[in-house]
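Here is a friendly briefing to read with the model open beside you. Please keep the sequence and the 3D view at hand as you go through the points.

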Amino acid sequence: MRARYNRRGHEENVVFNQHIKLKDLKEEARHLENQYLFRENIPSYPHPEFHVSHVRHDTDEAGLRGIKRDRGFKNPFEGNLLWWSLVVGPDEIRSAERSLLKTTYPDRTEEQAQRQQSFLEKFATSPAFNKTSRLGSYRFTFPLEELLTAYSEQFCQGAPPVMRVLRTVLYKLEVMYVVVVNSPANQEEFSDCPLLTDDDPNAVCTYKDGRFIWRAEAMCETHSYKLVRRPEEKQMEAQPVGYNPQFYVWDHVAVALHVKNKVPSLLVVLNFDPIRLRENLKFCRAEKPGLIRGVRFEDFPQAEENVKGLWPDDPAPLEKDE
């Protein structure tokens, strides 16, 4: 595990070329003083499998203007990676809940299934499930297949892109599993990174049939409930833990698209039609404190004005991601 500071000035501890589950991560980080990772009084919680078909990219006003000007996305810090996050909303949570119950109780009756109350959403309390943003007031949300198709056409000469396990990053409260997407013609740079599989049931993240499959290691952050299993009734429920919720690390998956120009001084853009950019743009509220020091968040009227100024011919009102 290597300690370093990222460009935002935050300390991070990195294990390269692996996605390490929490049990093994605790062993890797045993020399660190992390008051959250090593907590042992965490209530029981579910470990569902989320099938994710959309990704998002959050930015501030300066980023928004750059994306409109460039007709797409680039790394403004002269890096070769474009960063995206998985979108895990109510539909994905409901689907994961059904799958978890079916896997746990494969022989339950229809009557038992009908009696089951929704419970998984009560555990989905980490920032991985929030509609708020730490990076700015503007959110671009794309179907994963559309994003990968654009990447294939612009960077892979139409070939399917390659997905690899890039690293695991530990922060004070956060564990980030990074997947890198790169061109099959540019394999040398990531030859040490294992390929992302589509059939490993123990992997934190896999990719299959146009979806990322994320097996959450720590989905709560704030543990206000504990998972109660009732095998005789083939039921699961979320039971409140009282007035002293526990705080623990939370995990998520980040997707980094590798874009590289033969001329190092030129920044590369993943292009989209400006109309499509506008269709996929929404306003999002700020999560405080912001991840980047100095990021400016707009209120909704100001965001509406900014977007209208950049897309003056688009009559559609700016929607809120809520």
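What follows is a short tour of charged pairs, aromatic rings, nonpolar cores and a few individual residues.

Please keep in mind that this is a predicted model. In it you will find 18 salt bridges and 13 aromatic pairs. The largest nonpolar core has 78 residues, and a second, separate core has 12.

**Salt bridges**

- Let us begin with Lys-74 and Asp-70, which form a salt bridge with their closest N and O atoms 3.2 Å apart. Lys-74 is partly exposed, at a relative accessible area of 26%, whereas Asp-70 is buried, at 18%.
- Glu-111 and Arg-115 form another salt bridge, and here the closest N and O atoms are 3.2 Å apart. These two residues are four apart in helix α4 (residues 110–115), which puts about one helical turn between them.
- In general, an α-helix has 3.6 residues a turn, so residues three or four places apart point the same way.
- Glu-111 counts as exposed, with 56% relative accessibility, while Arg-115 is partly exposed, with a relative accessible area of 42%.
- Arg-276 and Glu-146 bring their side chains together in a salt bridge, at 2.7 Å from N to O. Because Arg-276 belongs to helix α6 (residues 274–279) and Glu-146 to helix α5 (residues 144–155), this pair ties together parts that are 130 residues apart in sequence.

**Aromatic rings**

- Ring pairs link Phe-73, Trp-84, Phe-140, Phe-142 and Phe-272 into a cluster that you can pick out in the viewer.
- Lys-68 places its charged end over the ring of Trp-311, at 5.7 Å from the ring's centre.
- Lys-320 lies over the face of Phe-300, and the distance to the ring centre is 4.5 Å.

**Nonpolar cores**

- Within the largest core, of 78 residues, Leu-22, Phe-50 and Trp-214 have the most contacts. Helix α5 gives the most to this core, contributing six residues.
- The second core is separate and has 12 residues, among them Leu-81, Leu-166, Val-178 and Ala-256.
- What does Leu-22 touch, leaving aside residues up to four places away in sequence? Its contacts are Leu-37, Tyr-45, Val-175, Tyr-177, Glu-217, Ala-218, Tyr-248 and Val-249.

**Tyr-171, in a loop**

- You will find Tyr-171 in the loop between strands β8 (162–170) and β9 (174–182). Is Tyr-171 buried or exposed? At 15% relative accessibility, Tyr-171 counts as buried.
- Apart from residues up to four places away in sequence, Tyr-171 touches Asn-6, Glu-11, Glu-12, Asn-34 and Met-176. With Glu-12 there is also a polar contact, side chain to side chain, at 2.8 Å.
- To place Tyr-171 in the fold, compare its position with that of Phe-283: the two are 112 residues apart in sequence, and their C-alpha atoms are 27 Å apart in space.

**Asn-182, in a strand**

- Asn-182 lies in strand β9 and is buried, with a relative accessible area of 0%.
- The side chain of Asn-182 reaches the backbone oxygen of Asn-186, at a distance of 2.9 Å.
- Not counting residues up to four places away in sequence, Asn-182 touches Tyr-151, Cys-156, Pro-161, Val-162, Arg-164, Gln-187, Phe-190 and His-258.

**Helix α2 and the residue after it**

- Helix α2 spans residues 61–70, and its buried residues include Glu-61, Leu-64, Gly-66, Ile-67 and Asp-70. This is the Asp-70 that forms a salt bridge with Lys-74.
- Arg-71 follows α2 and has a positive phi, near 60 degrees.

Definitions and conventions: Residues are numbered from 1 along each chain as its sequence is written. This is a predicted model: local features need pLDDT of at least 70, side-chain atom pairs count only at pLDDT 80 or more; totals for chains, interfaces and linings use all residues. Side-chain values use heavy atoms; hydrogens and water are left out. A salt bridge is a side-chain nitrogen of Lys or Arg within 4 Å of a carboxyl oxygen of Asp or Glu. Buried means under 20% relative accessible area, exposed over 50%, partly exposed in between (1.4 Å probe, protein chains only). Rings of Phe, Tyr and Trp (its six-membered ring) pair if their centres lie within 6.5 Å; planes under 30 degrees apart count as stacked, over 60 as edge-to-face and the rest as tilted. A charge sits over a ring if NZ of Lys or CZ of Arg is within 6 Å of the ring centre and within 35 degrees of the ring normal. Contact means heavy atoms within 4.5 Å. A polar contact is a pair of N or O atoms within 3.5 Å; within protein, one must be able to donate a hydrogen and the other to accept it, and residues adjacent in sequence count only if both atoms are side-chain atoms. A nonpolar core is a set of buried Ala, Val, Leu, Ile, Met, Phe, Trp, Tyr and Cys residues joined through side-chain atoms within 4.5 Å.
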